[in-house]
Amino acid sequence: MAETKPMATTRGKLPAELTSFVGRRRELAGIRRLLAGTRLLTLTGVGGVGKTRLAMRLGAEVRRTFADGVWFVELAALHDSALLGHTLAGALELSQVSANPTADLAEYLEDKHLLLVLDNCEHLADACAVLVSKLLAAAPQLRIIATSRHVLGVEGEQIFPVPPLSTPPETTMTAGDAARYESIELFADRARSVSPEFELDAAGRPLVIELCRRLDGIPLAIELAAVWMRTLSPAQILDRLEDRFRLLATGKPAAPARQQALDAAIGWSYDLCSPAEQALWARLSVFAGGFDLEGAEEVCSGDGIDRAEVLDLLAGLMNKSIITRKAMTDHTVAWYDLLGIIGQYGVDRLTAAGRARELRMRHRDYYRRMAAEWETDSFSPRQADWFIRLRREHDNFRAALDFCLSEPAEAPAALEIAAPIWNFWFAGFLREGHRYLVRALELAEEPTPARAKALWAGSYLAMFLGEPEQMSQLLAECEVLAERFGDDLLRARIAEVSGHALNYAGELPAAVARLEEGLAGFRAVGNLLGEFDVLILLAAATFFLGDPRVGQFSRQAFELADSHGAASSKAYALWTLGIVQWRDHHDAEQACRSFREAIRLWLPLNDRTGIGFCVQALSWCASTAAPNELAARLMGGSRAVWRSSGAHVDETTPYSQFDEQSRQRVRAALGDAAFEQAFEEGAAYSFEQAVSLALGKETERGSTVSPGRAGGLTRREQEIAVLLSEGLSNKEIAARLVIGQRTVETHVEHVLGKLGFTSRAQVARWIAETRTD
């Protein structure tokens with residue numbers, strides 16, 4: 001998933017840990033000043049100059065000033081501009097969006113105070129410009145930092161050209177003088193990381209200074225050179241670098257000095273690699289967004305590279321800073337990546353050798369096999385790991401599909417990749433999966449079993465996208481092919497989709513009949529995932545019908561998922577058990593345990609739609625067990641979770657009828673004013689706070705003013721009020737929140753007016769009184 005990191009997770013927040021950061025104090029101060037007075041700031045500069053690292057560092061420094069966080073969106077691996085909105089939605093953890101993701105994003109961001117960092121925009125500049133313009137118009141508290149090799153051209157855009165690191169103008173200076181220059185500081189820092197005994201002594205200092213000058217202060221070029229201090233002296237590095245500059249000068253027309261410096265450093269690093277390392281470097285360039293050891297072994301071995309050699313070659317490339325290893329979690333294997341510029345050099349070498357298409361075919365075939373493995377193994381104890389793996393491999397699946405859809409006669413392979421992972425698309429990339437399936441079906445028209453499966457998968461996704469006509473059209477052709485091929489599994493799948501659609505339409509008796517037909521079909525062919533899915537659908541349909549068989553279907557679904565260790569599926573079964581325990585057995589306590597267990601199973605997978613179902617159901621339980629302030633806050637928290645998921649299930653029947661009944665019950669117990677206060681407090685929670693409340697844990701409320709007691713203040717005004725209570729001046733508040741001083745003055749006036757106060761001291765006393773312990 002181009003996956004958004006707030007800079008702390010692989011989904012979208014800013015990563016908490018950054019590599020050692022050298023220099024850039026002037027640039028950071030300048031960017032902070034500009035950000036206070038603009039809503040779109042674009043960091044421009046040549047490749048390797050450090051735009052990404054600078055943006056990430058700034059994001060880490062201002063994180064606390066943005067109430068809704070700093071979100072990092074990596075765009076380097078995205079090449080289809082039509083998926084830009086969906087990628088951004090995924091980065092912001094909106095799991096389901098409409099055909100117009102820009103409108104969904106605008107609605108979601110409308111009241112958010114957050115910073116978006118859009119990294120590597122140059123190849124999508126036009127699409128980024130359009131999207132950024134619309135989001136900034138819709139969301140007054142949104143700020144955006146973009147990194148790009150050239151400007152986006154958006155009205156109001158502030159440009160900050162990122163310069164190279166400062167470099168000494170001459171070689172005759174003391175060690176202390178030289179160390180003050182950022183390029184020297186960076187070289188020394190990286191050199192010590194590979195050779196701890198390195199010192200910038202009198203003999204080597206002129207050479208290092210000349211080296212940094214020749215590399216024009218480009219951070220990436222300096223880092224690539226410094227890594228060779230493990231085996232070479234500064235004089236040897238400089239000699240080889242000079243050779244590379246001479247080669248560049250004779251091999252092609254003169255490029256700008258900074259581009260020449262980077263080209264020389266990368267080409268020189270390539271020359272110093274062994275032939276096997278060079279070959280692996282080039283072959284790894286077909287991956288998008290990273291790769292693991294298995295992928296590297298499968299795609300890149302052969303033709304001079306033995307599979308057993310790949311690990312050692314990877315280690316060699318890591319030691320030379322050609323590839324990087326990303327942070328791991330308990331659920332993933334080691335993950336590697338090539339920096340974009342270094343990867344492009346590999347692509348050029350692969351193309352020059354005439355092997356680019358061959359390696360892309362290998363890459364395509366590897367992900368086609370992975371899709372088939374997912375289909376056969378995803379209802380198993382490895383289900384959770386599979387979901388995590390496919391999210392990690394999202395960019396590679398995109399790359400494989402894009403290759404198939406751009407190459408003559410390769411579209412049928414796209415069907416074999418996109419269709420088997422239909423439930424991966426459903427779990428968070430609904431529109432994207434639908435787009436790939438439709439495009440592949442348009443290009444691969446031959447009536448094959450692969451097309452038949454893709455027609456079913458496309459119809460399933462179309463149903464959830466609210467496109468019944470397309471669903472019916474795809475399903476009709478699928479039925480014809482199912483009969484032609486005598487495919488019993490496909491017949492069961494057709495019955496499932498038909499029953500599901502009838503369920504959505506409110507035709508519950510017909511839905512149950514069609515789903516029972518599908519259940520029999522799945523059981524006959526031994527397809528466990530299909531059987532489970534239909535049991536869940538039957539449980540939901542019979543629950544809303546008041547059919548007593550709901551308990552039977554729920555138990556069967558739970559036992560099936562539990563016996564096969566399928567954690568995500570088990571969570572859905574727990575939801576069906578819980579709603580039956582709550583309504584039909586009047587056992588709210590046991591129902592709450594079921595819902596909370598489901599939430600805990602979904603949290604590692606970040607299935608916010610599933611969590612939304614359970615938080616919503618927990619609010620129903622609370623309304624009957626104890627219709628108090630906590631129940632009202634939980635109802636508001638349910639809204640917060642749905643808002644985070646991007647789904648709109650709470651706005652549809654029959655779920656909405658239970659929401660309305662629960663609200664009326666709690667409102668009657670509390671009174672209108674108390675209910676609204678508690679409800680709005682819960683609705684203002686973050687996703688994490690709402691889940692904490694649903695799990696029965698206390699939320700952190702002591703450090704801020706309770707939203708339900710804020711005297712009608714907006715979230716920004718609440719922040720201003722807290723800072724006023726700390727004795728900060730308007731200028732200091734502006735610096736803290738990265739906003740203009742006049743803006744602060746306006747907010748202060750609003751705070752005083754809404755609270756009926758005339759002084760800051762009164763605000764401070766009010767804050768002290770309204771803080772919760």
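Guide: Let us begin with a term: contact means heavy atoms within 4.5 Å. Please note also that this is a predicted model.

Visitor: Which residues of H27 meet which residues of H28?

Guide: On the side of H27, the residues are Val-550, Gly-551, Ser-554, Arg-555, Ala-557, Phe-558, Ala-561 and Asp-562. Their counterparts in H28 are Ser-569, Lys-570, Ala-573, Leu-574, Thr-576, Leu-577 and Val-580. Sorted by class, this contact comprises eight nonpolar, four polar and three charged residues. As a general idea, an α-helix has 3.6 residues a turn, so residues three or four places apart point the same way.

Visitor: At what angle do helix H27 and helix H28 pack, and how far apart are their axes?

Guide: Helix H27 (residues 550-563) and helix H28 (residues 567-583) pack at about 155 degrees, and their axes are 8 Å apart. Angles over 145 degrees count as roughly antiparallel, so H27 is roughly antiparallel to H28. The crossing of these two helices is left-handed.

Visitor: How should I read a sheet, and in what order do the strands lie here?

Guide: In general, strands of a sheet pair through backbone hydrogen bonds, either parallel or antiparallel. In this model, five strands make an open sheet with parallel pairing, in the order E2-E3-E4-E1-E5. Strand E2 (70-74) and strand E5 (158-161) stand at the edges with a single partner strand each, so one side of each has no neighbour in the sheet. From one strand to the next, the twist averages 20 degrees.

Visitor: How many bridges join strand E3 to strand E4?

Guide: Four bridges join E3 (residues 115-119) to E4 (residues 143-148), and the two run parallel. Leu-118 stands opposite Ala-146 in E4.

Visitor: Which helix packs on the sheet, and which strands does that helix touch?

Guide: Helix H1 (residues 25-37) packs there, touching strand E1 (40-44), E4 and E5. The direction of H1 makes about 175 degrees with that of E5.

Visitor: How many residues of helix H4 and of helix H19 are buried?

Guide: A residue is called buried when its relative accessible area is under 20%. In H4 (residues 101-109), seven of nine residues are buried, including Leu-105 and Tyr-108. In H19 (residues 411-418), six of eight are buried, among them Leu-415 and Ile-417.

Visitor: What covers the buried residues of H19?

Guide: The cover includes helix H16 (356-377), helix H18 (394-406), helix H20 (422-426), helix H21 (430-443) and helix H22 (449-464).

Conventions
Residues are numbered from 1 along each chain as its sequence is written. This is a predicted model: local features need pLDDT of at least 70, side-chain atom pairs count only at pLDDT 80 or more; totals for chains, interfaces and linings use all residues. Side-chain values use heavy atoms; hydrogens and water are left out. Two strands pair if DSSP finds at least two bridges between them. Axes are lines fitted to C-alpha atoms, for helices over the stretch in contact, and angles run from 0 to 180 degrees between N-to-C directions. Angles under 35 degrees count as roughly parallel, over 145 as roughly antiparallel, 65 to 115 as roughly perpendicular and the rest as oblique. A crossing is left-handed if the near helix is turned anticlockwise from the far one by less than a right angle, and right-handed if clockwise. Ala, Val, Leu, Ile, Met, Phe, Trp, Tyr, Cys and Pro count as nonpolar, Asp, Glu, Lys and Arg as charged, and the others, Gly among them, as polar. Buried means under 20% relative accessible area, exposed over 50%, partly exposed in between (1.4 Å probe, protein chains only).
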